[in-house]
Amino acid sequence: MSYLPKSPWLVHYDASSCNGCDIEVLACLTPLYDVERFGVLNIGNPKHADIFVVTGSVNEQNKSVIQNIYNQMAEPKVVVAIGACATSGGIFRECYNVQGGVDKVIPVDVYVPGCAARPEAIIDGVVQALGVLEEKYKNMGKVAK
Amino acid sequence: MGERTIIPFGPQHPVLPEPLHLDLILEDEKVVGAVPSIGFVHRGLEKLVEKRDFHEMMYVIERVCGICSFIHGQGYVQTIEGIFGLEIPDRAKFLRTIWAELSRVHSHLLWLGLMADAYGFESLFMHCWRVREKVLDIFEETTGGRVIFSVCKVGGVWKDIDNETLKRIVEVLNVVEQESKALTDVFIKDFTVQKRTRGVGVLSYQDAIDVGAVGPTLRGSGVAMDLRKLGYAAYGELNFEPIVEKDGDCYARTIVRVRELYQSIDLIRQCVSKIPDGEIEVKVKGNPKGEYVSRLEQPRGQVVYYGRANGTKYLERFRVRTPTFANIPALLKMLPGADLADVPLLALTIDPCISCTER
Ligand code: SF4
């Protein structure tokens, strides 16, 4: 993978996670791991984001929210599912209100395992997502500028 | 009277990592009412008691919330031990207390950071989280996990901390204390910060009691109630007083948490100096039968657990009543009359934990 000359921005949504993975996503941005030094920013506006980071599983109530955020993001976009919950439902998969992983509603490109996922794993997932992002650029017939 | 507008706040919002949804009713810039809706994080994990036996359930209950995970686990095992009538060894009680207080330190630092972020003080946010990492390192060293620990078990704890490590923990906490001083001074003394927090979102003494607020939200309004005073785990042998502030505004609630941060560090020091040697668990035989209620103090306030068992390895019912659920009515009391720009701040001062609330 070569590197995009552009800094990827991410938007984070907590589907129905237990917070464990969320605070680890935030921990990636803060001084110990500090992905901001690579220009990776966590922003609130999905329209500005390249990478959609989802933690937690899908239920009836948040399905439409996830879809909504995904649809608002501009192409090319990559989805990273973080933690056991987001990949499969995790420890809660047998709960009555959990329908399963995020891939039930939107296409997922990178899966990050762990309960809770460690910051190193999350960063690794985001780096892999960059590769996917670059691939998608190429397929759109564009050159990354 | 201006025209009324309704602005949706959340569920995906830059300030809160969690999906809290409020419909804010505005007249110009002033909030006149707010309607919360919840259910975005509901998983229904209480019902899992039918599929997981009472030992395994501990790992599920710990994941009610990833921030106060340890105390959730502790509350669960306390309930089951209550049903059994088990008395756990003293060393296990002290270890639980140490981990619980470390959780409080990390949770309050996390909250202080988010609070700073809410009024746009980005560097302060980063520094709070930098100091917090030191506490997480202690967790990682002693339990193996950074946010989910799985170290409690019915009848005691899984792991011991040797006395050498305990001493080192105190040394690390001395550094944490020192570094936090520089940060918390900003929350206490900075002119601009005070402008944002003083007199904002006042919750009066009577209102706080009427709506049944808990934890720092309640103590910020002058009510001295701290469940650690019940003396569960090792708290009965420690020396401390509930921390109370009178004003009931965002500033008072911040100060309560700042002082609790230092109080927790002090409690850990006391624990380390008093911890007895000995066993860390007792054998658990048979299945529980009966019911029990236990109450604990989370970083966010009082949490209540209820368990009912029928003599099989599956519990019949387990119920958690979490602090944020009790504090949302308090938030709704604070919101009317506030400026739209202060809403994120107010939402944060109750230290909302939505995944606890909805389970
Ligand atoms: S994967 Fe584990 S830590 Fe992460 S949100 Fe799910 S239960 Fe919590």
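Me: Which hand does the crossing of α3(B) and α9(B) have?
Reply: This is a predicted model in which local features need pLDDT of at least 70 and side-chain atom pairs pLDDT 80 or more, totals for chains, interfaces and linings use all residues, and side-chain values use heavy atoms, without hydrogens and water. Residues are numbered from 1 along each chain as its sequence is written, chains are lettered from A, and ligands are numbered from 1 in the order written. A crossing is called left-handed if the near helix is turned anticlockwise from the far one by less than a right angle, and right-handed if clockwise. By that rule the crossing of α3(B) and α9(B) is left-handed.

Me: How are α3(B) and α9(B) oriented to each other: roughly parallel or roughly antiparallel?
Reply: The axes of α3(B) and helix α9 (residues 250-274) of chain B come within 9 Å and cross at roughly 155 degrees. Axes are lines fitted to C-alpha atoms, for helices over the stretch in contact, with angles from 0 to 180 degrees between N-to-C directions. Angles under 35 degrees count as roughly parallel, over 145 as roughly antiparallel, 65 to 115 as roughly perpendicular and the rest as oblique. Therefore α3(B) and α9(B) are roughly antiparallel.

Me: By class, how many residues of each kind are in the contact of α3(B) with α4(B)?
Reply: Helix α3 (residues 90-118) and helix α4 (residues 122-143) of chain B pack at about 160 degrees, with axes 8 Å apart, and α3(B) passes α4(B) in a left-handed crossing. Ala, Val, Leu, Ile, Met, Phe, Trp, Tyr, Cys and Pro count as nonpolar, Asp, Glu, Lys and Arg as charged, and the others, Gly among them, as polar. The contact of α3(B) with α4(B) has 17 nonpolar, five polar and three charged residues.

Me: Which residues of α4(B) does α1(A) meet?
Reply: The axes of helix α1 (residues 20-29) of chain A and α4(B) come within 10 Å and cross at roughly 110 degrees, so α1(A) is roughly perpendicular to α4(B). Contact means heavy atoms within 4.5 Å. From α1(A), the residues A:Ile23, A:Leu26, A:Ala27 and A:Leu29 meet, in α4(B), B:Met126, B:Trp129, B:Arg132 and B:Glu133.

Me: What area is buried between chain B and chain A?
Reply: The contact takes 40 residues from chain B and 38 residues from chain A. Buried area is the accessible area (1.4 Å probe) that two parts lose on being put together, summed over both. Carbon and sulfur atoms give 62% of the area buried between chain B and chain A, which is about 3300 Å².

Me: How many salt bridges does the rule find across the interface of chain B and chain A?
Reply: A salt bridge is a side-chain nitrogen of Lys or Arg within 4 Å of a carboxyl oxygen of Asp or Glu. The side chains of A:Arg118 and B:Glu140 meet in a salt bridge at 3.0 Å, N to O. Across the interface of chain B and chain A, the number found is three.

Me: How many residues apart are B:Lys30 and B:Asp339?
Reply: The side chains of B:Lys30 and B:Asp339 meet in a salt bridge at 2.8 Å, N to O. B:Lys30 is in strand β3 (residues 30-37) of chain B and B:Asp339 in the loop between α10 (323-334) and α11 (343-349), a separation of 309 residues.

Conventions
Helices (H or I, at least four residues) and strands (E, at least two) are DSSP runs, numbered from the N terminus.
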